[in-house]
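Dear colleague,

Please find the structure below, followed by a summary of what was found in it.

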Amino acid sequence: MRSSSDNALKSKKLPPSYNALVMPFVLSILMSSIVSAVSTLINAGWTTGFVATWPYAWGASWLVAFPSLLLVLPIVRRIVAAIVDQPTST
């Protein structure tokens with residue numbers, strides 16, 4: 001038997017209609033953080049300045065990445081659907 005505290009700790013999920021917004025949101029956070037970290041490391045090196053520089057670079061990158069993904073992702077899905085065979089349901 002579960003206690004009421006177990007139910008309080010369980011997070012609720014968003015409805016499926018949010019998928020079109022949450023997926024590019026999470027993807028943009030991950031991709032912009034990775035790309036900005038690599039770019040900052042290449043340009044500044046692994047110095048104490050990296051810790052101060054990277055969050056700014058990531059923030060600026062994310063501000064471009066998220067709206068870009070919202071615009072480009074539907075086009076990418078169409079391109080992929082044209083290239084990749086879709087599974088058939090039996």
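Y18 is partly exposed because its relative accessibility is 39% (buried means under 20% relative accessible area, exposed over 50%, partly exposed in between, with a 1.4 Å probe and protein chains only). Y18 sits in the loop that joins α1 (4-9) to α2; helices are DSSP runs of H or I with at least four residues, numbered from the N terminus.

The model is predicted: local features need pLDDT of at least 70, side-chain atom pairs count only at pLDDT 80 or more, and totals for chains, interfaces and linings use all residues. Residues are numbered from 1 along each chain as its sequence is written, and side-chain values use heavy atoms, without hydrogens and water.

Five aromatic pairs were found in a search of the whole structure (rings of Phe, Tyr and Trp, the last by its six-membered ring, pair if their centres lie within 6.5 Å; planes under 30 degrees apart count as stacked, over 60 as edge-to-face and the rest as tilted). The F25 and F66 rings are edge-to-face, since their centres are 5.6 Å apart and their planes at 85°. F25 belongs to helix α2 and F66 to helix α3 (residues 48-83), so this pair ties together parts 41 residues apart in sequence. F25 is partly exposed at 36% relative accessible area, whereas F66 is buried at 14%.

F50 and W54 form a stacked pair, 6.4 Å centre to centre with 15° between the planes. F50 is buried, at 9%, and W54 is partly exposed, at 27%.

Yours sincerely

Methods:
Helix = DSSP H or I, 4+ residues; strand = E, 2+ residues; numbered from the N terminus.
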